[in-house]
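Here are a few friendly notes to read alongside the picture. Keep the structure open and find each part as you go.

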Amino acid sequence: MLFKTRILYPAIVLWLCSLASFAQQINYPPADKVAADFKKLLERPRVSLNPAFEVTKSDSVIIEHGFIYSEKNERVPMLIYKPVTGTGPYPAVIFLHGTGGRKEDNKKILYQLAKRGIMGVAVDARFHGERIAGGAHGSTEYVAAATAAWENKDKARQTHPFLFDTAFDLWRVTDYLASRPDVDANRIGMGGISMGGIETWLAASADTRIKVIVLDISVQSFKWSLDNDKWQARAGTIQGAHLQAAKDLGDSVLNKRNVKAVWDKLLPNITGEFDCPSMLRLMAPRALLIVGTENDPNCPLPGANIAYASAMQSYASKKATDKINRDVTPKLFHTSTPEHFKMTLDWFSKWL
């Protein structure tokens with residue numbers, strides 16, 4: 001496969017390159033069933049959003065810092081950058097940080113979105129930022145939560161702190177934005193980097209209110225990684241939980257069996273109907289941009305190609321191939337690039 005830096009792939013080229021691999025994948029359930037199953041898995045008692053924000057105004061942007069509630073005891077901290085120009089309602093973009101990050105990491109993109117007349121929104125994922133004691137910048141609490149979820153014996157109280165629970169929060173954040181009179185509920189986008197990108201494809205796939213999606217170093221296939229012994233980097237994002245699982249299962253080292261056991265419990269069906277190749281199908285015909293790097297160990301390229309090929313098949317069936325595109329930067333590992341930052345902004349500007 002050829003790679004070109006900073007040039008979006010013609011859809012048909014990557015589709016042809018990936019067709020053989022995709023044909024070998026499992027037969028996923030129909031898209032509408034996948035969406036219904038995912039919503040059913042994550043659904044929990046709804047509570048009042050109870051938003052509370054402090055507002056700071058400058059000549060260039062209006063900043064709102066506050067929170068909403070996604071569950072009775074789950075407060076979702078939010079940072080909103082609102083344009084000072086225009087009268088609204090504005091399009092809005094929710095943009096998500098990576099593992100160990102926090103919403104403040106996305107100030108730059110929020111500001112650039114606001115300059116383009118788009119409301120920029122960032123939230124702290126579960127066990128990140130203001131959702132942990134002292135607002136620490138790290139992933140210690142995230143790994144501890146994943147470990148506790150692994151060791152939980154009460155099926156009725158099973159949590160999914162690794163990616164899934166934040167996807168539910170994003171549906172509630174979307175509820176909040178759609179309720180605001182200064183937001184155009186028909187022009188809401190979502191994007192994210194690494195962990196935030198995975199949370200984006202999980203949440204946005206099943207929520208058609210999200211009209212424009214950008215996935216940065218986050219498209220992959222969990223099944224392909226497991227089948228091809230390329231799970232190490234992904235498992236490394238919550239390594240402590242995986243090490244505990246290996247010990248509990250009588251293993252001295254991480255291996256395919258104990259990694260799958262953690263994924264099966266914390267991310268049910270992530271190697272089946274909720275894997276990225278299946279979930280991306282649900283986004284057609286909405287505008288979707290996928291950006292990544294050639295040598296990303298967290299999102300191995302062959303698995304990412306399968307996911308893109310699956311998405312392309314769905315977009316082609318809906319005659320919407322003009323609304324999906326992809327860029328892969330050669331040689332780089334798991335990193336977001338300045339070029340992809342600009343592509344992200346341009347994509348949201350074009351389609352919202």
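1. Let's begin inside. The buried residues of helix H3 have a cover that includes strand E3 (74-82), strand E4 (90-96), strand E5 (119-123) and helix H13. Please keep in mind that this is a predicted model.

2. Which residues of H3 are buried? They are Ile109, Leu110, Leu113 and Ala114. These residues lie on the same side of H3, because they cover an arc of only 140 degrees around the axis. Turn to the other side of H3 and you will find Lys108 and Lys115 exposed.

3. Now look at how H3 meets one of its covering elements. The axes of H3 (residues 107-115) and H13 (residues 338-351) come within 11 Å, crossing at roughly 35 degrees. The crossing of these two helices is right-handed.

4. Which residues make this contact? From H3 come Lys108, Ile109, Gln112 and Leu113, while H13 brings Phe341, Thr344, Leu345 and Phe348.

5. Follow the chain just past the end of H3 and you reach Gly117, where phi is positive, at about 85 degrees.

6. Finally, a word on confidence. The protein has a mean pLDDT of 92, with 91% of its residues at 70 or more. Over residues 1-21, however, the pLDDT is below 50, and this stretch has 41 contacts in the model beyond near neighbours in sequence.

Note on methods: Residues numbered from 1 in each chain as written. Predicted model: local features only at pLDDT ≥ 70, side-chain atom pairs only at ≥ 80, totals over all residues. Heavy atoms only, no water. Axes fitted to C-alpha atoms, helices over the stretch in contact; angles between N-to-C directions. Helix = DSSP H or I, 4+ residues; strand = E, 2+ residues; numbered from the N terminus. Left-handed = near helix turned anticlockwise from the far one by under 90°. Contact = heavy atoms within 4.5 Å. pLDDT = per-residue confidence, 0-100. Buried < 20%, exposed > 50% of the residue type's maximum accessible area, 1.4 Å probe, protein only. Arc of directions from axis to C-beta.
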